[in-house]
Amino acid sequence: MSAENNENQPITRRDFFTEAATVGAVVTGSNALAALAQGSPQTGKDPAAITTAEYNTYGTDLERLMSLRTSPIAIRMLKSEADIPPGTLRPKKDRGEHLSMCQAFATARRQGTTLAMFLEDHWCFEPIISYGLVKTPQDYLEGAASSFFIADKGAAAKHAQEMSRLPFGEYRGVVLGPLKNAKFSPDLTMIYCNTGQLRHLLLSLRYLHGYQVTSTLDPIGSCVHSVVPSLLTGECRITVPDPGDYERAMAGEDEMILTVPTKRLKELMDGLYHFENSNRGYKRFTYIMRADFQQPPFYQEYFRQWGLDAPEK
């Protein structure tokens, strides 16, 4: 079936694997990938050379191709107030108000606002400590904050001591805004998505080199887990929005957070463009519930090897 006739038709998971395997057998090599990814502004280009305008294109394409309800968030750590891009909102200075970090995320992704958070702008202790804006208090390391959710005092202290933190004084603040119109190059991108969208983003990340995301899921401290580990390791991360993100910042109960450091963003987008341009895009997935459904060829071969029922050749 031609792409022209097929591009607007829904596909099942079986269709995805059957047709993606066919495309994979035919399309190999970097030149072929570049041909598939027409419309990708950065295929074949070093991530360090990506311009701000091209990051904006990534943001627009992520939102459009993945049917995201809110905008992907570009985040950059700042060493001084002199690094704040022009036109950026300062909550305390400009509005006389304070925000928790999850509220800052919500303001960026829902309202399209670019804002900078320095020490005086914060209204929650966890990012102040973990972003290295203050020296870590001793009672924090002894589990004073963790003990609200961990009954064992030793375990609470261990959790606090192992919490990811940026070095004290390395940064003074952070600027964040929608990736699609950010006027700065991000250190990382945060994507709030549902589980179906997350699956497709992970497929896209895996496409080029088999990259897989590993994460420790902690139900508390999502403003830290979604930012600090990726800054320290340069790897992607999946985070569960915590109760504060839900209560104060309107995170949906069906939402997860995928964090993509800049060095991995092009990898994600190349995979996303590949599936989109080979008609395996996220929007084309549909449901199927049918016994003895038609199996892709490699399913059938495994079943024959295992002595299970399989269609006749």
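**View 1. Strands S1 and S4 pair within the sheet.** Strand S1 (residues 73-78) and strand S4 (residues 188-193) are joined in the antiparallel sense over three bridges; two strands count as paired if DSSP finds at least two bridges between them. Ile75 has Leu188 in S4 as its bridge partner. Helices (H or I, at least four residues) and strands (E, at least two) are DSSP runs, numbered from the N terminus. The model is predicted: local features need pLDDT of at least 70, side-chain atom pairs count only at pLDDT 80 or more, and totals for chains, interfaces and linings use all residues. Residues are numbered from 1 along each chain as its sequence is written, and side-chain values use heavy atoms, with hydrogens and water left out.

**View 2. Six strands form an open sheet**. The strand order is S2-S3-S1-S4-S6-S5, with antiparallel pairing. Strand S2 (115-118) and strand S5 (237-239) are the edge strands, each pairing on one side only. From one strand to the next, the twist averages 25°. Helix H6 packs on this sheet and touches S1, S2, strand S3 (173-178) and S4, its direction making about 30° with that of S3. Contact means heavy atoms within 4.5 Å. Axes are lines fitted to C-alpha atoms, for helices over the stretch in contact, and angles run from 0 to 180 degrees between N-to-C directions.

**View 3. Helix H6 is mostly covered**. Eight of the 11 residues in H6 (residues 101-111) are buried, where buried means under 20% relative accessible area, exposed over 50% and partly exposed in between (1.4 Å probe, protein chains only). The buried residues are Met101, Cys102, Ala104, Phe105, Ala106, Thr107, Ala108 and Arg109. Just after H6, Gly112 adopts a positive phi of about 75°.

**View 4. Ala108 lies in helix H6**. Ala108 has a relative accessible area of 0% and is therefore buried. Leaving aside neighbours within four places in sequence, Ala108 contacts Ile73, Thr113, Leu115, Leu176, Gly177 and Pro178. Ala108 and Pro178 are 70 residues apart in sequence, and their C-alpha atoms are 5.8 Å apart in space.

**View 5. Helices H10 and H14 pack against each other**. H10 (residues 195-207) and H14 (residues 262-277) meet at an angle of about 105°, with their axes 7 Å apart. H10 is therefore roughly perpendicular to H14; angles under 35 degrees count as roughly parallel, over 145 as roughly antiparallel, 65 to 115 as roughly perpendicular and the rest as oblique. Residues of H10 in this contact include His200, Leu201 and Tyr207, and those of H14 include Arg264, Glu267 and Phe275.
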